[in-house]
Amino acid sequence: SQLVESGGGLVQPGGSLKLTCKPSGFRLDVYAIGWFRQAPGKEREGVSGISARGDSTVYADSVKGRFTISRSNAESTVYLQMNSLKPEVTAVYYCAAVVLGPSAGSRTPSLDMPGDYDYWGQGTQVTVSS
């Protein structure tokens, strides 16, 4: 069981990309989802997270107002819409899934504890360059 990301690519500064995260081998609707990124030579950092029900979201300060996370449990898909992209966001982007408990459907996952997540994808490269 794993996650599969798609939607990365090369985009010019100021452009947009929409990343997609889908599960392989398990149901997504009981998992809170986090998006992380890792640039060359840097540690993995949390970008955004969404509750299992999709009614609560959290963002890193660096992406607030430019990135939007959403999900469709009916389609078993999580999205990360990224607008006004800057070269400094160039990185490999990963989605990850974590179960927060049966009564935590509206709780957002932590962006500071990547070790808590149960499943990870292989990542998709996002490059912002002119």
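Here are some questions and answers about a predicted model, from its disulfide to its salt bridges.

Residues are numbered from 1 along each chain as its sequence is written, and side-chain values use heavy atoms, with hydrogens and water left out. Since the model is predicted, local features need pLDDT of at least 70 and side-chain atom pairs count only at pLDDT 80 or more, while totals for chains, interfaces and linings use all residues.

Q: Which two cysteines form a disulfide, and how far apart are their sulfur atoms?
A: A disulfide here is a pair of cysteine sulfur atoms within 2.5 Å. Searching the whole structure turns up 1. The partners are Cys21 and Cys95, with sulfur atoms 2.1 Å apart.

Q: How many residues apart in sequence are the parts that the pair Cys21 and Cys95 ties together?
A: Strands are DSSP runs of E with at least two residues (helices are runs of H or I with at least four), numbered from the N terminus. Cys21 sits in strand β3 (residues 17–24) and Cys95 in strand β9 (residues 91–98), so the link ties together parts that are 74 residues apart in sequence.

Q: What is the handedness of the disulfide of Cys21 and Cys95?
A: Look at the torsion about the S-S bond, which is about 80 degrees. That torsion is why the Cys21 and Cys95 disulfide is right-handed.

Q: Which side chain does the side chain of Thr77 join in a polar contact?
A: Thr77 is in strand β8 (residues 77–82) and is buried, at 3% relative accessible area. A polar contact is a pair of N or O atoms within 3.5 Å; within protein, one must be able to donate a hydrogen and the other to accept it, and residues adjacent in sequence count only if both atoms are side-chain atoms. At 2.8 Å, the partner of Thr77 is Lys22.

Q: How many bridges join β7 to β8?
A: Two strands pair if DSSP finds at least two bridges between them. β8 pairs with β3 in the antiparallel sense over 5 bridges. β7 and β8 form a hairpin with 4 residues between them, and Ser76 in the turn has a positive phi of about 50 degrees. These two strands also run antiparallel, and the number of bridges joining them is 6.

Q: Which residue in β8 is the bridge partner of Leu17?
A: β8 is mostly covered, with 5 of its 6 residues buried. One of its residues stands opposite Phe67, and that residue is Met82. The bridge partner of Leu17 in β8 is likewise Met82.

Q: What is the relative accessible area of Ser51?
A: Ser51 belongs to the loop between β5 and β6 (57–59). Contact means heavy atoms within 4.5 Å. Leaving aside neighbours within four places in sequence, Ser51 is in contact with residues including Ala32, Arg71, Gly105 and Pro109. Ser51 is buried, and its relative accessible area is 0%.

Q: Does Arg27 count as buried or exposed?
A: Arg27 meets Asp29 in a salt bridge (2.7 Å, N to O). Asp29 is partly exposed, with a relative accessible area of 30%. At 57% relative accessibility, Arg27 counts as exposed.

Terms used. Buried means under 20% relative accessible area, exposed over 50%, partly exposed in between (1.4 Å probe, protein chains only). A salt bridge is a side-chain nitrogen of Lys or Arg within 4 Å of a carboxyl oxygen of Asp or Glu.
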